[in-house]
Each structure stands twice: as C-alpha cells, then as structure tokens.
Amino acid sequence: MFFPKKKFFLSCLKKIFKKKKVEITIRLVDLIEIQSLNKKYRNKNIPTNVLSFPATNSIYIKHKFQHYIGDIILCAHYINKESLLLQKNILEHWAHMIIHSTLHLLHYTHNTTQSAKQMQTAENTIMKKLGFLNPYNLY
C-alpha cells in the first residue's frame, strides 16, 4: 500500500501555512474505518478519500492547544485507487487530497458555486507552488 512519507506531508503543509505555527492530526485509515467515520459523522454509509474535522472555537481548544486547527483522516486505499481511475500521478493526487482536506480545516467549502471556485483557486495555487498541475484539469 502506497502512502507518502512524512516529509511529503510537511512540504504540502508548508506551502499552505508558510511559517505559521499550526497543529494538525493526520491519520491514515483503511476502507472499513473511513466508511464507519463517514457514516457516523456525515450520515453516508460509503467509503471516501478524506474527511476533515476543523477544531472548534471552544475555550478548551484555545487554551489547551493554541495552534491546533483540526483532524484529517485519509484513506490510502481509496486515494491510491482513485488516482488510477482518474489517471493521475499518485503523488500529485496525494498532494491534492492533503491540500483539499487542510483547506477544509481552514473553513473552505465547496457547497456553493462561489465557495467551490474559491476553494479550487486556492488548491490550484498551492499545487502550482509544489510543481503540480491544476487538479481540476482533465488529462
């Protein structure tokens, strides 16, 4: 099973946060766990590539974890299979999933046409900084 090394995750995150100090929990899970989490938190009983859980603005979070912005759950099996189906470079697809899920932690959404456009623009900008193509262009 392929998944990028920690160094790759950090290089993606550094393009987003530059020198800002943040804390993120990133978990890699199997298909069963991602489906279970997707059912529990999004009421969708299917596996998915990634889930993001932004931190709340509670007093506990503000004082206990000053720079904590949330959790990202990635399903390696799903992402790897998806990159094959989409005929995308596997590392490029992983970068996109890391960036996409991190932007959700920063409260980007794709619920409306306008918010989707803003999120896609941000994703594309970061992908270019990493030397990758626009993830929304078809090959």
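Predicted model: local features only at pLDDT ≥ 70, side-chain atom pairs only at ≥ 80, totals over all residues.

Me: Which residues touch the most other members in the largest nonpolar core?

Reply: A nonpolar core is a set of buried Ala, Val, Leu, Ile, Met, Phe, Trp, Tyr and Cys residues joined through side-chain atoms within 4.5 Å; buried means under 20% relative accessible area, exposed over 50%, and partly exposed in between, with a 1.4 Å probe and protein chains only. Here the largest core has 24 residues, and those that touch the most other members are Phe8, Leu74, Trp94, Ala95, Ile98, Ile99 and Leu103. At least two residues each are supplied by α1 (6-17), β3 (68-75), α4 (76-85), α5 (90-105) and α6 (113-129), with the largest share, 7 residues, coming from α5. These helices (H or I, at least four residues) and strands (E, at least two) are DSSP runs, numbered from the N terminus. A second, separate core of 6 residues includes Val29, Leu37, Ile73 and Cys75.

Me: Which residues of α4 are buried?

Reply: An α-helix has 3.6 residues a turn, so residues three or four places apart point the same way. In α4 the buried residues are Ala76, Ile79, Asn80, Glu82 and Ser83. Seen down the axis of α4, they fall within an arc of 160° and so line one face of the helix, where the arc is that of the directions from the helix axis to the C-beta atoms. On the other side, Leu84 and Leu85 are exposed, while the cover over the buried residues includes β1, β3 and α5.

Me: Why does Ser83 count as buried?

Reply: Ser83 counts as buried because its relative accessibility is 2%. Leaving aside neighbours within four places in sequence, Ser83 is in contact (heavy atoms within 4.5 Å) with Lys88, Ile90 and His93.

Me: Where is Leu28, and is Leu28 buried or partly exposed?

Reply: Leu28 lies in strand β1 (residues 23-29), and Leu28 is partly exposed, with a relative accessible area of 34%.

How values were computed. Residues numbered from 1 in each chain as written. Heavy atoms only, no water.
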